[in-house]
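Hi,

Here is the model I said I'd pass on.

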Amino acid sequence: MKVTYYGHACFSVVAGGKTLLFDPFISGNPLAKAIEASSLRADFILVSHGHDDHVGDTVEIAKRTNALVIAGFEVGEWLLKQGAPRVHHLNQGGGFNFDFGRVKYVNAIHSSTMPDGSAGGNPGGFVVESEDGNFYFSGDTALTMDMKLIGESTRLKFAALCLGDNFTMGPDDAVKAAEFVRCNEILGVHFDTFPPIKIDHGLAIGKFRAAGKTLHLLRPGEAHDF
Ligand code: NI
Ligand code: MN
């Protein structure tokens with residue numbers, strides 16, 4: 001599966017012949033100045049929770065591409081009101097079969113206020129299953145035992161895990177999360193964007209290597225085939 005990283009927690013995955021774009025925070029990201037939100041392709045946009053650094057450019061991209069937005073109920077309702085043309089609402093524990101594969105909305109321990117201060121429901125992550133393979137995106141979360149349920153039920157090709165610390169898991173907890181979901185190929189997200197989440201890349205990569213896992217820390221615009 002071809003994965004392209006666009007900075008912070010934004011990346012796209014080509015699965016089942018469709019382009020899935022996650023948490024498209026581009027124009028507000030000081031580290032993604034070389035990326036143009038207006039040039040991103042998407043058939044589906046998956047939004048993990050209501051915070052501005054995840055909702056980001058979702059409405060603009062959805063309007064331009066007519067992508068179907070997949071999000072938790074409250075986040076989906078808010079995006080519809082802002083002008084996103086098409087939204088599929090999920091809620092925790094629920095999955096749905098789309099044409100490219102199945103998306104399940106799973107637990108995250110975090111908060112989820114929308115950019116205008118309204119309530120965004122509970123935050124989440126996504127487990128995506130497709131003919132090209134399965135993967136997990138944690139969203140913003142603490143380490144949680146719930147991740148073991150994903151490892152027990154789904155064989156993952158890779159997992160995109162937040163690891164910038166301060167607002168989410170740091171590298172040590174992300175190694176544990178990788179163990180809980182039983183995955184050895186990790187895409188690191190939610191690091192370096194703001195001063196409190198700057199991480200030592202070599203140190204983080206070493207922690208994963210010591211656990212027999214590979215941590216990929218891509219530069220915005222860089223791609224990797226999982
Ligand atoms: Ni957040
Ligand atoms: Mn965040």
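**The metal site**

Asp53 (OD), His54 (NE2), Asp140 (OD) and His190 (NE2) coordinate the manganese ion (ligand 2) at 2.1 to 2.2 Å. Donors here are N, O and S atoms within 2.8 Å of the metal (3.2 Å for Na, K and Ca), and water is not among the atoms, so sites may look incomplete. Along the sequence, the manganese donors are spaced D-H-x85-D-x49-H. His54 sits in helix 1 (residues 52-55) and Asp140 in the loop between strand 10 (133-137) and helix 4 (147-153), so this pair links distant parts of the chain, 86 residues apart. Helices (H or I, at least four residues) and strands (E, at least two) are DSSP runs, numbered from the N terminus.

Before going on, the ground rules: this is a predicted model, where local features need pLDDT of at least 70 and side-chain atom pairs count only at pLDDT 80 or more, while totals for chains, interfaces and linings use all residues. Residues are numbered from 1 along each chain as its sequence is written, chains are lettered from A and ligands numbered from 1 in the order in which they are written, and side-chain values use heavy atoms, with hydrogens and water left out.

Now the other metal. The nickel ion (ligand 1) has His49 (NE2), His51 (ND1), His110 (NE2) and Asp140 (OD) as its protein donors, 2.2 to 2.3 Å away. Their spacing along the chain is H-x1-H-x58-H-x29-D. The arrangement is irregular because the 4 donor atoms subtend angles of 88 to 173 degrees; four donors count as tetrahedral if all angles lie between 85 and 135 degrees, four as square planar and six as octahedral if opposite donors are over 155 degrees apart and all others between 65 and 115, and anything else is irregular.

Asp140 coordinates both metals, which are 3.1 Å apart. Asp140 and His54 are buried, as are His49 and His51 (buried is under 20% relative accessible area, exposed over 50%, partly exposed in between, with a 1.4 Å probe and protein chains only).

Asn66 isn't a glycine, yet has a positive phi of about 60 degrees. Asn66 is in the loop between helix 2 (58-65) and strand 5 (68-72), and is partly exposed at 41% relative accessibility. Asp165, also not a glycine, has a positive phi near 65 degrees. Asp165 belongs to the loop between strand 11 (158-162) and helix 5 (171-180), and is partly exposed at 43%.

Cheers
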